[in-house]
Amino acid sequence: SDSINAGSGSDTVVYHGTETTIDGGAGSDTLVLAASGGVTTVNFAVGAGADQTAGDTAIVANFENLDASVLTTALTVTGSSGAGTTSVRQTFENMFRAERIGAALIEGDSFHRYDRDEMHRLIAAYEQMGGQAISHFGPEANLFEELEALFGEYSRNGAGKSRLYLHNEERAARYGQKSGTFTPWGNLPENTDLLFYEGLHGGIATDKVDIARHVDLLIGVTP
């Protein structure tokens, strides 16, 4: 049996079915299933460090992509909540460059209310109390009011504040911070032509906020 730790960077790791643990580590990593090893499900929606496969005996964690092209058995794959959005962003960025459009780019994760450690502690606390777990997608875990304020300020003055969520060690190292934390809030670049928001809640409307009223073009992505 083998234990594989890919470490930092974007890696491709082959799963042969005899491994005990496989950790993709930081970066955008691809899991290649050369043999099923009993795997029936791959779930990219689980939290960082959690086992992403079911039906097998190996612990497989921290992968973002999958190549199961050689398998002939049935396999259920669940994508992360952000699956597909990066491809859409890259497409628009290419268009902006070609047309020389200056865009203020906003990542939806930057408007989460809690960093990774805080969220894990809250989830554990809810589980200990036996209550309903806090949702990553609801108002209790996201800054809906601040997001609407950004959209409104930009529509009026072309200005606003945002920050970044540092998903992995590679990105966090560029800011001298820990993975799973936020950068400080800062002003958007000046004299941009439009605001491009990538992520959840870009068109949300509730009894307290109405972000959709500020949006000129809304594109929904289904993972």
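**Stop 1: one turn of helix H3**

Select Arg-156 and Glu-153. They sit three residues apart in helix H3, so about one helical turn separates them. (Helices are DSSP runs of H or I with at least four residues, strands are E runs of at least two, and both are numbered from the N terminus.) The model is predicted: local features need pLDDT of at least 70, side-chain atom pairs count only at pLDDT 80 or more, and totals for chains, interfaces and linings use all residues. Residues are numbered from 1 along each chain as its sequence is written, and side-chain values use heavy atoms, with hydrogens and water left out.

Now show the two side chains. Arg-156 and Glu-153 meet in a salt bridge, 3.4 Å from N to O. The term means a side-chain nitrogen of Lys or Arg within 4 Å of a carboxyl oxygen of Asp or Glu. Side chains of opposite charge can pair when their charged atoms come close.

Colour by accessibility next. Arg-156 is exposed, at 57% relative accessible area. Glu-153 is partly exposed, at 27%. (Buried is under 20%, exposed is over 50%, and partly exposed is in between, using a 1.4 Å probe and protein chains only.)

**Stop 2: Glu-148**

Stay in helix H3 and select Glu-148. Is Glu-148 buried or exposed? Glu-148 is buried, with a relative accessible area of 13%.

Arg-213 is exposed, at 58%.

Which backbone nitrogen does the Glu-148 side chain reach? That of Asp-210, at 3.1 Å. This is a polar contact: a pair of N or O atoms within 3.5 Å, where within protein one must be able to donate a hydrogen and the other to accept it, and residues adjacent in sequence count only if both atoms are side-chain atoms.

Show the surroundings. Not counting residues up to four places away in sequence, Glu-148 touches Lys-208, Val-209, Asp-210, Ile-211, Arg-213 and His-214. (Contact means heavy atoms within 4.5 Å.)

**Stop 3: Lys-178 and Asp-117**

Select this pair. Their salt bridge has its closest N and O atoms 2.5 Å apart. Lys-178 lies in the loop between helix H4 (169–173) and strand S12 (186–187), while Asp-117 is in helix H2 (residues 116–129), so the pair ties together parts 61 residues apart in sequence. Asp-117 is partly exposed, at 32%. How many salt bridges does a search of the whole structure find? Four.

**Stop 4: the largest nonpolar core**

Select Ile-106, Phe-111, Leu-147, Leu-150, Phe-151 and Leu-188. Of the 14 residues in the largest nonpolar core, these touch the most other members. (Such a core is a set of buried Ala, Val, Leu, Ile, Met, Phe, Trp, Tyr and Cys residues joined through side-chain atoms within 4.5 Å.) Strand S10 (103–107) and helix H3 each supply at least two residues of this core. Its largest share, five residues, comes from H3.

Centre on Leu-150. Leaving aside neighbours within four places in sequence, its contacts include Ile-106, Phe-111 and Leu-188. Apart from this core lies another, of 12 residues, among them Val-13, Leu-31, Leu-33 and Ala-58.

**Stop 5: an open sheet**

Show strands S2, S4 and S8. They form an open sheet in the order S2-S4-S8, with parallel pairing. Strand S2 (12–15) and strand S8 (65–67) stand at the edges with a single partner strand each, so one side of each has no neighbour in the sheet. S2 and strand S4 (residues 30–33) pair over four bridges. (Two strands pair if DSSP finds at least two bridges between them.) Pick Val-14: Val-32 in S4 stands opposite.

**Stop 6: Thr-53**

Select Thr-53, in strand S6 (residues 53–54). Thr-53 is buried, at 8%. Its side chain makes a polar contact with the side chain of Asp-56, at 3.0 Å. Not counting residues up to four places away in sequence, Thr-53 touches Val-39, Thr-41, Val-42, Ala-58 and Val-60.

**Last stop: zoom out**

Show the whole chain. Its secondary structure comes to four helices and 13 strands. The C-alpha atoms fill a box of roughly 60 × 50 × 35 Å along the principal axes. Buried residues make up 33% of the 223 residues.
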